[in-house]
Amino acid sequence: MMLSPEQPDSDLHWGQSDAESIINDMKVGCVSDEALDAEGKTRSIAPPTLSREEKRRRRRATAKYRSAHATRERIRVEAFNVAFAELRKLLPTLPPDKKLSKIEILRLAICYISYLNHVLDV
């Protein structure tokens, strides 16, 4: 709060600290959280409540959530690949160490299972 020649000393809040007077001055000049509608009545400008879907979207947008999701996905894919590797070891192929795609492993497993069923039926 600055002194001006036309401002009497009695207007100053000498009992307040400088920080308090600055805060009070700022409160006077601040815009309130309420707005005026067409009739001049005040109405609240509170943010609208978010739908469940919007809350979920915002939660998923955080870096922490994305990092945790990426970790879970990496673990899931690794387990998936281990399962395919174990299935691959059980299937006979020539040469035995031939690299097969996942779809080839599944198709070969189907054929091998039907072959074993045929052998058991005979």
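Colleague: Glu53 first: how does its relative accessibility class it?

Modeller: Glu53 counts as partly exposed, at 33% relative accessibility. Buried means under 20% relative accessible area, exposed over 50%, and partly exposed in between, with a 1.4 Å probe and protein chains only. Keep in mind that this is a predicted model, where local features need pLDDT of at least 70, side-chain atom pairs count only at pLDDT 80 or more, and totals for chains, interfaces and linings use all residues. Residues are numbered from 1 along each chain as its sequence is written, and side-chain values use heavy atoms, with hydrogens and water left out.

Colleague: Thanks! Which side chain does Glu53 meet in a salt bridge?

Modeller: That of Arg56, at 2.3 Å, N to O. A salt bridge here is a side-chain nitrogen of Lys or Arg within 4 Å of a carboxyl oxygen of Asp or Glu. Arg56 is partly exposed too, at 29% relative accessibility.

Colleague: And where do Glu53 and Arg56 lie?

Modeller: Both are in helix α2 (residues 52-60), three residues apart, about one turn of the helix. Helices (H or I, at least four residues) and strands (E, at least two) are DSSP runs, numbered from the N terminus.

Colleague: What does Arg57 pair with?

Modeller: Arg57 forms a salt bridge with Glu54, and their closest N and O atoms are 3.0 Å apart. About one helical turn separates Arg57 and Glu54, because they are three residues apart in helix α2. Arg57 has a relative accessible area of 48%, so it is partly exposed. Glu54, at 23%, is partly exposed as well.

Colleague: Which residues are linked in a network of salt bridges?

Modeller: Glu53, Glu54, Arg56, Arg57 and Arg58.

Colleague: How many salt bridges does a search of the whole structure find?

Modeller: Five. One is in helix α3, where Arg76 and Glu73 sit three residues apart, with their closest N and O atoms 2.8 Å from each other.

Colleague: Changing topic: is Thr93 buried or exposed?

Modeller: Thr93 is buried, with a relative accessible area of 16%. You'll find Thr93 in the loop between α3 (63-90) and α4.

Colleague: What does Thr93 touch?

Modeller: Not counting residues up to four places away in sequence, Thr93 touches Arg88, Leu100 and Leu108; contact means heavy atoms within 4.5 Å. The side chains of Thr93 and Arg88 are also joined by a polar contact of 2.8 Å. That term covers a pair of N or O atoms within 3.5 Å; within protein, one must be able to donate a hydrogen and the other to accept it, and residues adjacent in sequence count only if both atoms are side-chain atoms. A polar atom of the Thr93 side chain lies 3.2 Å from the backbone oxygen of Pro95.

Colleague: Good to know! In what order do the elements run?

Modeller: From the N terminus on, α-β-β-α-α-α. That makes four helices and two strands.

Colleague: Last one: how much of the protein counts as buried?

Modeller: Of its 122 residues, 8%.
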